[in-house]
Amino acid sequence: MATWNKYVSIGAPAMTGKGIGKAIKQAFIDNPKAIAILEDMQFPEIEWFTDNMFDRMIECGIAEQNATGVAAGLAAEGFVPVTYNFLFASMGRAYNQIRQSILVDRFNVKFLAREGIWGEVGVSHATIEGWGSLRNLPNMVLINPADSVEAEKATTAMMQYIGPCAVKMEMSPNPFTIFTDDYQFDIGKAYSLRDGKDATIIATGYMVTEAIKAVDILEKEGLDVGVLNMSTLKPLDEEAIIAAAARTGAIVTAENSSDINGLGDAVACCLCENLPTPLVKVGIEDEFGQSGLITSERDELMDHFALSADDIAVSVREVLKKKAKFAK
Amino acid sequence: MSETIKCGSCGMLLYFGEEIKRRLYMRAIPDESAVLADYGNKCPRCGAALSTDSVKIEIKRRATHES
């Protein structure tokens with residue numbers, strides 16, 4: 001079995017939503033200005049909110065552009081609005097309102113956004129391009145936690161930070177529990193789960209779990225592969241990327257979303273400008289999400305989009321061939 | 001170009017976004033001290049006093065081959 005750095009203790013799968021709900025509840029207790037903006041959807045710990053903070057919830061219905069305007073107005077008056085929805089709706093439909101009414105003035109609005117491919121929600125709700133489309137908007141912070149522990153800490157950090165910020169609630173199988181409770185999350189800081197010598201997998205969100213599985217596969221082949229958890233897509237921890245590339249000379253990126261303008265492109269840009277390094281991207285290649293079956297034996301979409309640990313292992317072998325060629 | 005401001009004591013990110021003095025008109029945030037004032041001049045995580053002397057301000061410019 002692979003060995004891991006401090007604050008890493010691989011455990012049973014757990015829902016990231018649990019950690020997010022716990023942090024949101026505490027943030028609302030601590031900050032009387034926090035206010036929930038509902039868009040005809042659930043909200044983390046909604047039953048607790050209904051019982052205890054009914055006057056701090058505004059239901060805007062299926063009218064996301066309007067809800068965004070409401071959030072901007074409340075933020076202008078000193079409140080801390082928190083929206084929750086599928087990313088295609090809260091941030092896709094309201095893209096222009098987010099740009100014009102929130103980001104230009106850098107209003108303190110928080111977004112909890114569900115995105116990813118998992119199960120039978122279909123092409124409309126299984127969006128994969130939203131995260132990448134947000135990356136080019138100035139003033140926005142984007143966080144995609146890897147497990148339940150990091151999700152709780154990232155949500156707490158989001159609520160402490162003053163400025164627009166989104167935490168992605170990935171639609172995916174439950175990730176492993178990866179971090180110990182004393183792990184310290186910092187917005188904009190990547191964390192090396194394992195340093196490695198031959199190659200580094202830079203993964204985000206659920207794909208950190210698949211990267212961990214891939215390390216075990218590759219270790220049996222005698223390969224020493226590192227894993228860098230890149231939970232903040234923006235601001236990107238370029239120092240950690242460059243350090244990993246300098247150490248191992250081969251990078252594989254892994255994300256459960258479009259590989260256009262997402263983590264893979266961000267890492268590739270950083271390395272091209274600073275330390276050109278052989279790289280292979282694992283992600284969804286220029287197509288829409290769709291429905292797939294999940295059984296106890298297999299997750300059809302993980303196979304269909306080639307996102308599993310086996311696929312990451314294939315990419316590591318491929319990047320090692322590139323590294324050997326690059327060295328000549 | 002982007003600018004980040006971090007607590008000099010614990011490293012918590014306090015600001016990330018456009019370079020504050022870069023915009024010609026309609027500056028929502030006039031200067032770095034206004035960012036710190038929004039936090040009550042106190043880091044919400046470690047409680048350290050915040051001033052433009054106690055934070056790390058970094059303005060990131062385009063990377064070059066030498067960087």
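**Domains of chain A**

I looked up the domain bounds of chain A in this predicted model. Chain A splits into domain 1, residues 14-174, and domain 2, residues 180-327. I took the distance between the two centres over C-alpha atoms and got 25 Å.

Next I checked the interface between these domains. On the domain 1 side of chain A, 34 residues are in contact with 30 residues of domain 2. I then asked which elements of domain 1 supply at least two residues each to that side. They are α6 (122-125), α7 (130-134), β6 (141-143), α8 and β7 (165-170) of chain A. Helix α8(A) gives the largest share, five residues. I also sorted the domain 1 side by class. I found 18 nonpolar, eight polar and eight charged residues there.

**Helix α8 against α1**

Helix α1 (residues 16-30) and helix α8 (residues 148-160) of chain A pack at an angle of about 30 degrees. Their axes lie 7 Å apart. Angles under 35 degrees count as roughly parallel, so α1(A) is roughly parallel to α8(A). Is the crossing left-handed or right-handed? I noted it as right-handed.

I listed the residues that make this contact. From α1(A) they are A:Thr16, A:Lys18, A:Gly19, A:Ile20, A:Lys22, A:Ala23, A:Ile24 and A:Ala27. From α8(A) they are A:Ser148, A:Val149, A:Ala151, A:Glu152, A:Thr155, A:Thr156 and A:Met159. By class, the α1(A)-α8(A) contact holds seven nonpolar, five polar and three charged residues.

**Chain A against chain B**

I turned to the interface between the chains. Here 15 residues of chain A are in contact with 17 residues of chain B. The chain A side has six nonpolar, five polar and four charged residues.

**Chain B**

What is its secondary structure? I counted one helix and three strands in chain B. Read from the N terminus, the order of elements in chain B is β-β-α-β.

I took the extent of the C-alpha trace of chain B along its principal axes. The span is about 40 × 30 × 15 Å. Chain B has 67 residues, and 25% of them count as buried. I also looked at sequence separation in the contacts of chain B. Among contacts between residues at least 6 apart in sequence, 47% join residues at least 24 apart.

Notes
Residues numbered from 1 in each chain as written. Chains lettered and ligands numbered in written order. Predicted model: local features only at pLDDT ≥ 70, side-chain atom pairs only at ≥ 80, totals over all residues. Axes fitted to C-alpha atoms, helices over the stretch in contact; angles between N-to-C directions. Helix = DSSP H or I, 4+ residues; strand = E, 2+ residues; numbered from the N terminus. Parallel < 35°, antiparallel > 145°, perpendicular 65-115°, else oblique. Left-handed = near helix turned anticlockwise from the far one by under 90°. Contact = placed C-beta atoms within 7 Å. Nonpolar A, V, L, I, M, F, W, Y, C, P; charged D, E, K, R; others polar. Domains from an automatic or database assignment. Buried ≥ 20, exposed ≤ 12 C-beta atoms within 10 Å, placed from the backbone.
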